[in-house]
Amino acid sequence: MVHVLDTVDSTQAALSALARRGAPEGTVVTARHQTGGRGQRGHQWWDAPGESLLLSILLKPPVTLAVLPPLSLVAGLAVTDAVRSTASVPARLRWPNDVLVGERKLGGILPEATGAPGGGIGQVILGIGINVCQESFPPELAHLATSLRLVTGRTVDRDALLTAVLEAMDRRYHVWLDSGFDPMRDEWRQRSSTIGQRVTTADGRAGVAVDVGEDGALLVDDGSGALTRVVSATAIEHAEDNADAAHP
Ligand code: BTN
């Protein structure tokens, strides 16, 4: 079921509340505007009312937290599928969770997982934000962000984009559940803006990103002779929703 709301704090929080009341897998919350939109690493996610696609999808994959990291990459593929099919924009993916056009951010993905006893996943609330109709951004974002409107010069229908995102996510989520990330790895490599680039790992080592693993890890060649695997899993709690919430 898709819950279409006007203004919410965050679609993540609204869906979390529905999940606590027993909402089934596949429940979606979308809103016209968020007053407390959440981004990665505790950042805020800005929108102007009616100009972004803002949605959260409830997933209950029967997997452990350890195998969850590729889900972000799978979602990135689904978002770029939708942007390609509805707006003909060849958006690219910056590992792990950013959707880019050129160097600018078109969208982002925020997977928030809740652990279950025994190391399993209770649920994942997969947040997706795409800049659709903005003709300008606040000064602090102007050099970092873009929208489908700015890229194409046309207005892209947010409802059509929502349908395309949900269809692509449904298809790719089931491929991932059945066969893992491997069947989609080559497409991810082709859409990646990270592979081939110089990157700095969280512990400060510089190198070149050379590949993505079956487990979603970024493989970095730092010249030491062995590849460093960088995993995106960092647990961050959102105490207001659920003490076990984590960003994979
Ligand atoms: C990022 O920082 O790149 C991730 C942004 C994710 C934003 C989306 S908008 C819909 C959903 N609700 C939120 O509060 N955040 C996600």
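Colleague: Is Asp-182 buried, partly exposed or exposed?

Modeller: In this predicted model, Asp-182 counts as partly exposed, because its relative accessibility is 37%, and that falls between the 20% and 50% limits.

Colleague: Which residue does Asp-182 form a salt bridge with?

Modeller: Its partner is Arg-185, with the closest N and O atoms 3.0 Å apart; both residues lie in helix H6, where 3 residues, about one turn of the helix, separate them. Arg-185, at 15% relative accessibility, counts as buried.

Colleague: Which residues do salt bridges with shared partners join into one network?

Modeller: That network consists of Asp-81, Arg-171, Arg-172, Glu-187 and Arg-191. Within this set, the side chains of Arg-191 and Asp-81 meet at 2.7 Å, N to O, and the pair links distant parts of the chain, since Arg-191 sits in helix H6 (residues 182-191) and Asp-81 in helix H2 (residues 70-87), 110 residues apart. Arg-191 and Asp-81 are both buried.

Colleague: Changing topic, how many salt bridges does a search of the whole structure find?

Modeller: The search gives 15 salt bridges, and one of them brings together the side chains of Arg-38 and Glu-112 at 2.8 Å, N to O.

Colleague: Where do Arg-38 and Glu-112 lie?

Modeller: Arg-38 is in the loop between strand S2 (28-34) and strand S3 (52-59), whereas Glu-112 belongs to strand S6 (residues 104-115), so the pair ties together parts that are 74 residues apart in sequence.

Colleague: And are those two buried or exposed?

Modeller: Arg-38 is buried, with a relative accessible area of 14%, and Glu-112 is buried as well, with a value of 6%.

Terms used
Residues numbered from 1 in each chain as written. Predicted model: local features only at pLDDT ≥ 70, side-chain atom pairs only at ≥ 80, totals over all residues. Heavy atoms only, no water. Salt bridge = Lys/Arg side-chain N within 4 Å of Asp/Glu carboxyl O. Helix = DSSP H or I, 4+ residues; strand = E, 2+ residues; numbered from the N terminus. Buried < 20%, exposed > 50% of the residue type's maximum accessible area, 1.4 Å probe, protein only.
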